[in-house]
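Dear colleague,

Please find below the structure that I am handing over to you. My findings follow it, and I would be grateful if you would read them alongside the coordinates.

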Amino acid sequence: MIEVVARHHETGHWVRGKVAGGVFSAVELAEGPEPPSPEDDWIAPAFIDLQNNGRWGVSFSDPTLTVDQVAAIARAQGGLGTAR
């Protein structure tokens with residue numbers, strides 16, 4: 001289990017959360033310096049990309065598109081915080 005302390009994306013308040021298996025649990029208020037600074041970490045939900053047309057020059061409209069290409073793009077987007 002990993003403990004994370006960062007600012008909440010909506011309130012700006014410091015929160016502490018425990019992460020296990022990629023899932024947050026036990027999120028609670030925490031102490032931290034005020035006011036916000038550029039060095040602060042923030043916690044927010046993962047992004048949902050409503051229109052992803054591809055990546056790396058690969059178009060999802062290409063008739064030669066393969067399952068492996070789609071899977072590689074999905075994994076890469078996940079690494080950038082895109083959950084869906």
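The term pLDDT denotes the predictor's confidence in each residue, on a scale from 0 to 100. The chain averages a pLDDT of 85, and 99% of the residues score at least 70. Confidence is highest in strand β1 (residues 2-8), with a mean of 91, and lowest in strand β5 (residues 54-55), with a mean of 78. Where pLDDT is low, the predicted coordinates should not be read in detail.

This is a predicted model, in which local features need pLDDT of at least 70 and side-chain atom pairs count only at pLDDT 80 or more, while totals for chains, interfaces and linings use all residues. Residues are numbered from 1 along each chain as its sequence is written, and side-chain values use heavy atoms, with hydrogens and water left out. Helices (H or I, at least four residues) and strands (E, at least two) are DSSP runs, numbered from the N terminus.

Strand pairing comes next; two strands pair if DSSP finds at least two bridges between them. Strand β1 runs antiparallel to strand β2 (residues 14-20), and 6 bridges join them. Within this pairing, Val4 has Gly17 of β2 as its bridge partner. The two strands, β1 and β2, form a hairpin with 5 residues between them, and Gly12 in the turn has a positive phi of about 80 degrees. Strand β1 is also joined to strand β4 (residues 42-43), in parallel, by 2 bridges. There, Arg7 stands opposite Trp42 of β4.

Two loops deserve a mention. In the loop between β3 (23-29) and β4 lies Pro35, and the peptide bond from Glu34 to Pro35 is cis, with omega near -15 degrees. The loop between β5 and β6 (58-59) holds Trp56, which has a positive phi of about 55 degrees although it is not a glycine. Trp56 counts as exposed, at 56% relative accessibility; exposed means over 50% relative accessible area, buried under 20%, and partly exposed in between (1.4 Å probe, protein chains only).

Finally, I turn to the helix and the segment after it. Gln77 belongs to helix α1 (residues 67-78) and is buried, with a relative accessible area of 14%. Beyond its neighbours within four places in sequence, Gln77 is in contact (heavy atoms within 4.5 Å) with Asp49, Asn52, Arg55 and Thr82. Arg84, in the segment after α1, is exposed, with a relative accessible area of 71%. With neighbours within four places in sequence again left aside, Arg84 is in contact with Phe47, Ile48 and Asp49.

Yours sincerely
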